[in-house]
Amino acid sequence: MMSASLVIIACSLYALYYLLRVVKRPKLVGGHGFCRFLELHCPFATQTYYPTFWCFEGRLNTLMRPLLKRFWHVSYRRELIDTPDGGQLSLHWLDNDESEHWPDVECRPTVIFLPGLTGTSQESYLVSLVRQVQQRGYRCIVFHNRGLGGAKLLTPRTYSGANTDDLETVVCHVKKLHPSAPLLATGISLGGNIVLNYLGKSGCQSGLLAAVSLCPSWDAVESIAFRWLDWLLFNGYITRHYLNFVRRHRDVLQKRFDVDYILQSKSVWEFDDRFTAVMFGYPSTQQYHYDASPCHKITSFKTPVLVLNSTDDPFNPKHNGTTKTVKPMPCSTLHITITPNFWDVCAISIAKPYFERLRLSMLTSPALPLAQARENPYVALVVTSRGGHIGFLEGAFPRNDSYMDRIFGQFCSAAFEHREELTAACQPP
């Protein structure tokens, strides 16, 4: 009897915590006109997000999504296109010729997807987004970075979060094929960074009606900074993906790089230091990470862009600690941000050689640029308190569409069906 009462009390307290601290409406930050447009045409803007009650913590949400989500197979038409520097890109098309709402192939709205990291068109999170497009009668194109999606790596150059040349090539190619079709670019994780950096560099010449960025890392330096639990859970996984990519294309990359040295990388920072920053000609890894951070370009966005982030995203952490300065070497100064609790102090002490080897220059800009978003009429930032990184699970059995899928689908419909209203809503006052 006593044990049953304790179970009931524990469940009641858990339910109370869930309803009071977990269940919340998303925070909508951005230009007044843009936010008003979303409130009128996208139900998510005024609705409460109910994360999966047994899986709402950010890291758990991130890790469980690929295990829980249902996988749908999608058949694509592949096209290989050449880049100006002799490279090759793979585009996977879903033409959606059965579309009843948009039967005219020349005017059919089109969405370009950019997967994350080494992702392809068959990633479960991407297929879910593609289905949102397909169900609405639109056309979609999955743009794979060099060496992915069945394309050969023809030159010793791959991709990065800062370089947007290949996205510009794809946008121009699609616009040439279908000049009358409205175009929307959507990036996920690293792809989201590329989309945002493209908007920052292209200004009014993006060629896009609108854009969506899902779970981007606004500050690349903050994203890969050492946090002991995130480092244990995610650093090795991401680094292995990068190294496997290098191994697959070793024959081409070894013409320019010391591949064996690159393959000794134990972290994302080391990989960028030995490969990515060198490949794109940056004088330092710190400079590459700065250039890859969209938070420094948000004032240059001139295309309507919806950005989704959660405050418990392990790759986009909040600034809630204190800033300290450590001088591990005479020639450099190391800025690190830590939260002053026992476990982080222990982790920093254990990892001191790691930090000294990296010589990481930590920026102090906020992980979520809320103030800048309010000042730019082309930006709408949707911030949830839960969701993790590309997680956003909801429902007791989160097998089907996620909260992220619903937000994306609703915005696609609003942007394509009310394009003149969207353009007018985002005009500067």
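This short talk walks through one predicted protein model, from its overall build to its salt bridges.

Some ground rules. The model is predicted, so local features need pLDDT of at least 70 and side-chain atom pairs count only at pLDDT 80 or more, while totals for chains, interfaces and linings use all residues. Residues are numbered from 1 along each chain as its sequence is written, and side-chain values use heavy atoms, with hydrogens and water left out.

Now the overall build. The protein chain has 17 helices and 11 strands. Both are DSSP runs, numbered from the N terminus: helices are H or I with at least four residues, strands are E with at least two. Of the 429 residues, 57% count as buried. Buried means under 20% relative accessible area, exposed means over 50%, and partly exposed is in between, with a 1.4 Å probe and protein chains only.

Next, contacts, meaning heavy atoms within 4.5 Å. Take those with a separation of 6 or more: residues 24 or more positions apart account for 77% of them. The chain exposes about 18800 Å², and carbon and sulfur atoms supply 57% of that. The areas come from the Shrake-Rupley method with a 1.4 Å probe; for residues, only the protein chains shown count as cover.

On to the sheet. In what order do the nine strands of the open sheet run? The order is E1-E11-E8-E7-E6-E4-E5-E3-E2, and the pairing is mixed. Two strands pair if DSSP finds at least two bridges between them. At the edges sit strand E1 (27–30) and strand E2 (77–82), each pairing on one side only. Neighbouring strands are turned by 20° against each other on average, direction ignored. Those angles use axes fitted as lines to C-alpha atoms, for helices over the stretch in contact, and run from 0 to 180 degrees between N-to-C directions.

One pair up close. Strand E8 (residues 305–310) and strand E11 (residues 379–384) pair in the parallel sense over six bridges. Leu308 stands opposite Val382 in E11.

Now the surface. A nonpolar patch covers about 880 Å². Its members are Met2, Leu6, Ile9, Leu13, Leu16, Leu19, Leu20 and Tyr50. Patch residues have over 30% relative accessible area and no salt bridge; like charges are joined within 9 Å, nonpolar side chains (Val, Leu, Ile, Met, Phe, Trp, Tyr) within 5 Å. Take Leu19, in helix H1 (residues 2–22). Why does Leu19 count as exposed? Because its relative accessibility is 51%.

Last, salt bridges. Here a side-chain nitrogen of Lys or Arg lies within 4 Å of a carboxyl oxygen of Asp or Glu. How many does a search of the whole structure find? It finds 13.

Start with Arg146 and Asp85, whose side chains meet at 3.0 Å, N to O. Arg146 lies in the loop between strand E5 (139–144) and helix H5 (165–177), and Asp85 in the loop between E2 and strand E3 (88–94), so the pair ties together parts 61 residues apart in sequence. Arg146 is buried at 2%. Asp85 is partly exposed at 38%.

Another bridge joins Arg157 and Asp165, with the closest N and O atoms 3.7 Å apart. Arg157 counts as buried at 16%, and Asp165 is partly exposed at 39%. Shared partners join Asp85, Arg146, Arg157, Asp165 and Asp166 into one network of salt bridges.

One more: Arg108 meets Asp97 at 3.1 Å, N to O. Is Arg108 buried or exposed? Arg108 is buried, at 1%, while Asp97 is exposed, at 52%.
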